[in-house]
Amino acid sequence: MTAESKEKKFHFKAQARTVDHLGRGQIADAPTAVSELWKNSYDAYARDVALHLFDGDIKCGAIIDNGCGMTFDQLSNNWLTIGTASKAKKQLLNDEDRFGLENRFTQGEKGIGRLSTAFLAPVTLIVTKKTNSSYTAALIDWRLFENTYLALHEIEVPIQEFDSLSELPELCQSLQADLLDNFSNSAAWVDFSTDEEDEFNKHIKSNAGSSFISTQNKIQNFCKEFQFKEKFLSSWDKILNKVPEEDGGVHGTALFLFDLNRDLELLTNRGDLDRDAEEYKAIEKDLVDTLRAFVDPFNRNVDNEGFEDEYNERAQKEDKYTFRYEIKAFDNTNQNSGNVRDILLYKDVFKYHEFSQLEHKVEGVVDEKGWFRGSITAFGVVYPHVNIPCRSSGMAALTKTGLFGIQMGTFELEASKSTHDKTKIDELKEQAEKYSGLMIFRDGLRVLPYGRVDNDFFEIEERRGKNAGRYHWASRRIFGKISLHQEQNQRLKDKAGREGFIINQAARELKTLVKNLLIILADKYFGGKSDNRQVMLEQLEKDKKKQKKAQRSSAKINLTNFTNALSINEPMLNEQVQLAKKLQKELDSDIQISLNNLDEIINKVDLIESLRTNLKTPNKPAKLSDSIENQYRTYRDLFAELSELLQTCRQRLNQLEVQSQRFSPIQSADKKYKSSEAALTRMVNRYNGTIKSKLNDVNKFWEQEARNDRKAYESEALLVLDGVTEMSDAVQVLNTLDSIYTSLADDMSYKYESFLQALDKLEQGIDLESAFGIAEEERANAEQEVNQIRSLAQLGISFEVLAHELHDQDQAITRSLNSMSSDAKQQIGFKNAMKAHRQFTEYLRFLSPLKLSGYQSRDEISGKEIIKNIEVFFRDRFIRQNVELVIGEAFKRMTVVDVPSRIHPVFINILNNALYWVGLAESRLIKIDIIDDLVVIANSGPAVDQDDIKRLFELFYSRRSNGNGVGLYLSKQNLSVARHKIWYAENLEHKLIQDGANFVIQFRGMEIK
């Protein structure tokens, strides 16, 4: 060492922008930032956590929970310390901070997750409270840490204690004033502002054309202008108040985020951005897809009947607690009365009971040796106790990954290749759009980014691109999870920015094990290379052919029985109605009825009553011709009339018996009891005898079937045996006999199993005829609906194109008419053309809001505006059809705030229908008024048939000869978007025209001025 050399020791120094790098610089996106902060709530033993977004001049948000909270000392010494030891050591909280909940394994590792708030908004107000302590608040403007000339210790964070949340708005003003003290080092801020302006002039000014505002000015403007609003506290209050009764006091933490970043700002209020804009849809989809399954949605431990008991015992414990979460956006009104939009709710997940219905499932564990052990379900057939080696050559005897659980399921897209019916497949497709993905959970909480659409860690889509048939699995059609635990899988570490696992040996082995398992499962059970798949598909095709044949036969028999019942019973029903009318007339007359005559009438009523049960309206098949439909409705109304007549007769007979004073009340009641009991007993005995006779016939039929089936193999196989010689190919003969056996065994098992299943359902009291009738009706309706939807879709596309062209032509016609000479404009022909053109323009103006795209604002709509719109649209039709329109005074004074294109078409659709139906009536009247705060639209046309009421608002359902069944459906759907309601009035008190058709609308927030 020379004389000039020096030996000194130095320490690392941290500049203020270190915090900026660790916060915003380490987080990939907003969903990841929210996830990190929710994990902190989980570590604090919160039962509830939420992200709430508030609209306003400055868009704000709040991440709120009811975790254990912090004291003043904990906030200042721990939360404001980067990389706290408690996170690194994974220490459990004290008993009093766990509130009796099961121990939670700490999710945080580095003690920097709290810095994620800087990614979401530049300013954070943290408010926290521990049980039996005061509230503490701290205000942080993360933009202070961007200054490259400041050391970390030069930034000061103002903190204050207080006793009540009602003090917070005033307290926040004080903290804002204190925050400005950070500009005491004026030289550092002058230098930094100069650097910012130079950068602005180089790269931004020429592009944006905006004026320069320094970070210092932005912070100062915020501190001087921002006012904390009480509405921010309302939602936190609700979460806080869930825990005092259980935990002995209020506790929790709120992170109020001021001046939200663009992602959250757009979710709060998208402004001029269209709801169909790609950016807006992508932001909401990313947030929801990432956080929807924040907690393991399957909520079920892996069950392998005793295998890996340690893993199962741990999973059962993890199921005992709940961690609920939500994301909501509040509009710029009072928080309690304003509109609230649910962006994400805890319950909106793909749950285990839904998973259990999938036709393909894999459930088990991959142990430390790299072997899968569990159960496989393929095409609904369960294969228990399956063991599959997932190892690759070169792996150690025990993997570095450790034991992990795996649970996956999927379904076939084509109904012809699936054990699910088409309705179920369509339902699963919708669910796959929202919930699909192979996710990873550690201790029950989601590990990002696995399972997101843009992540293909296990190379599922890469293999699918090479051979979709063989590899089978698809990320967008898989519902599944991999379950990790910190103790079993401690070598799987997250990257600092939560972009996945650090790529080490454990992560590489996890990837390899799962990839190998997916390939083996596809080749053996599910994919195009699987022999099992070919066998199952052949059997499925046979079964479905038999089911369709049985369905067609059953539908044909039902229709035949139905028409026969109507034809045979209708004359008898008419006869009994006439007899009942005669008896009612006799009972209602003032002529004195003798006792003998009274007994005779009672016997006649009893006889008609006994016949009534045999004449009841038969179950209606799915499809009927118009003539049979009319015959059915006539029969139904006749039967209802008979029932009503008999009830009237019974009531009158009861009155006459009491008036005769032949019996005391006790005797009368006893006599009625005995006669009714006897009648019911006779009915039951009659049915019981019929059932015994039918069962005897069924038994004889199946005994004969069994005799025939016992001989079936013999009759087919003997033909083969007769042709066998010493020179025959023995292998071919044996294969032929096997083929005959397999074919007969499949046919017989299907036939007998189907009958036994039907018997089981009958034994359980299930009405098979009604069940089949409903299923057949739904199938027929669905088939018709698909055809109509295709037509409607084409019509919608045509309308969009046509509307654009009509607007252009409208402008051309207007210009041409206006360009005509003054003399021409005085001619009657010109005036008629102008009048017709104005009417056409009004129609076009009405149709223009029905376009598929474009943002429309909410306005105050009055009853007078609706009336004006109706008169403009239907004025000529009212005159041509001689229809009177009567408007109540209350309706004229009503107002509702909504999108005009949602409200006006509802009235147009209903009145358009009304004008058709009043044309069938002598008195042509339409009324609109308000009853009990409900808008009622009535017409004097025929009332809606009782069978049609339940389907009145279904798509494509119409009783009009030329109706398309779209208007009422769209009216209901559009109103429901804004939580308005519409229904057909059946209660007399809600009818303006008693014998007509009355529709009721309940407008949310309607006022009468």
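Modeller: Let me begin with pairing, since two strands pair if DSSP finds at least two bridges between them; strands themselves are DSSP runs of E with at least two residues, helices are runs of H or I with at least four, and both are numbered from the N terminus. This is a predicted model, in which local features need pLDDT of at least 70 and side-chain atom pairs count only at pLDDT 80 or more, while totals for chains, interfaces and linings use all residues. Residues are numbered from 1 along each chain as its sequence is written, and side-chain values use heavy atoms, with hydrogens and water left out.

Colleague: How do you know that β16 and strand β18 (residues 894-898) pair?

Modeller: Four bridges join β16 to β18, and pairing asks for at least two, so the two strands, which run antiparallel, count as paired. Ile861 stands opposite Val896 in β18.

Colleague: What makes β16 (859-862) and β23 (1007-1008) edge strands?

Modeller: The open sheet has three strands in the order β16-β18-β23, with antiparallel pairing, and β16 and β23 are its edges because each pairs on one side only.

Colleague: What makes helix α27 (residues 863-881) a helix that packs on the sheet?

Modeller: Helix α27 touches β16 and β18, where contact means heavy atoms within 4.5 Å. Its direction makes about 70° with that of β16, on a scale where angles run from 0 to 180 degrees between N-to-C directions and axes are lines fitted to C-alpha atoms, for helices over the stretch in contact. Helix α29 (residues 900-918) also packs on the sheet, touching β16 and β18, and its direction makes about 20° with that of β16.
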